[in-house]
Amino acid sequence: MIISGSTYPAIAAGEVKVYNEKNIPDDYEIIGIINVKSDASFGRNSATNRNLEKVKEKAASVGANGLLIGGVSHKKNYWDDSIQMNVT
């Protein structure tokens, strides 16, 4: 996680909302950027859900109450089968 703004008291991960560019509030503040990666060998949906939980926990730890999903990618080759998520 890269912190680029102010942090706030931690909140519960369940309180963190997920936004995309179409539904983001007008008055948002960027606190930082989070990149996560999970093994997708047991399924892409499962890996994406694990990533989402990871970023919610990281965001909540610095008091962020929302996430803007910037990109989700799937990498699969002989050595790696993973889902990567970039979040602001």
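Colleague: How many nonpolar, polar and charged residues are there in the lining of the largest pocket?

Modeller: Happy to walk you through that! This is a predicted model, and in it the lining of the largest pocket is made up of 16 nonpolar, five polar and four charged residues.

Colleague: How is empty space like that found?

Modeller: The general idea is that rolling a probe the size of a water molecule over the atoms shows where empty space is left. In this structure, the largest pocket holds about 420 Å³ of space.

Colleague: Which residues lie nearest the centre of the largest pocket?

Modeller: Look for Glu-29, Ala-64, Asn-65, Gly-66 and Leu-67, which lie nearest its centre among the 25 lining residues. At least two lining residues come from each of E2, strand E3 (32–39) and strand E4 (66–76).

Colleague: Which strand has the lowest mean pLDDT, and which element the highest?

Modeller: Think of pLDDT as the predictor's confidence in each residue. Among the elements here, strand E5 (residues 81–87) has the lowest mean, 60, while strand E2 (residues 17–19) has the highest, 89. For the chain, the average is 80, and 76% of the residues score at least 70.

Colleague: What share of the residues is buried?

Modeller: Of the 88 residues in the chain, 27% are buried. The accessible surface comes to about 5,900 Å², and carbon and sulfur atoms account for 50% of that surface.

Note on methods:
Residues numbered from 1 in each chain as written. Predicted model: local features only at pLDDT ≥ 70, side-chain atom pairs only at ≥ 80, totals over all residues. Heavy atoms only, no water. pLDDT = per-residue confidence, 0-100. Helix = DSSP H or I, 4+ residues; strand = E, 2+ residues; numbered from the N terminus. Buried < 20%, exposed > 50% of the residue type's maximum accessible area, 1.4 Å probe, protein only. Areas by Shrake-Rupley, 256 points an atom, 1.4 Å probe, with all protein chains shown as cover. 1 Å grid on protein atoms, 1.4 Å probe; cavity = no way out; pocket = protein on both sides within 12 Å on 5 of 7 lines; lining within 4 Å. Points joined across faces, edges and corners; volume = space filled by probe spheres on them. Nonpolar A, V, L, I, M, F, W, Y, C, P; charged D, E, K, R; others polar.
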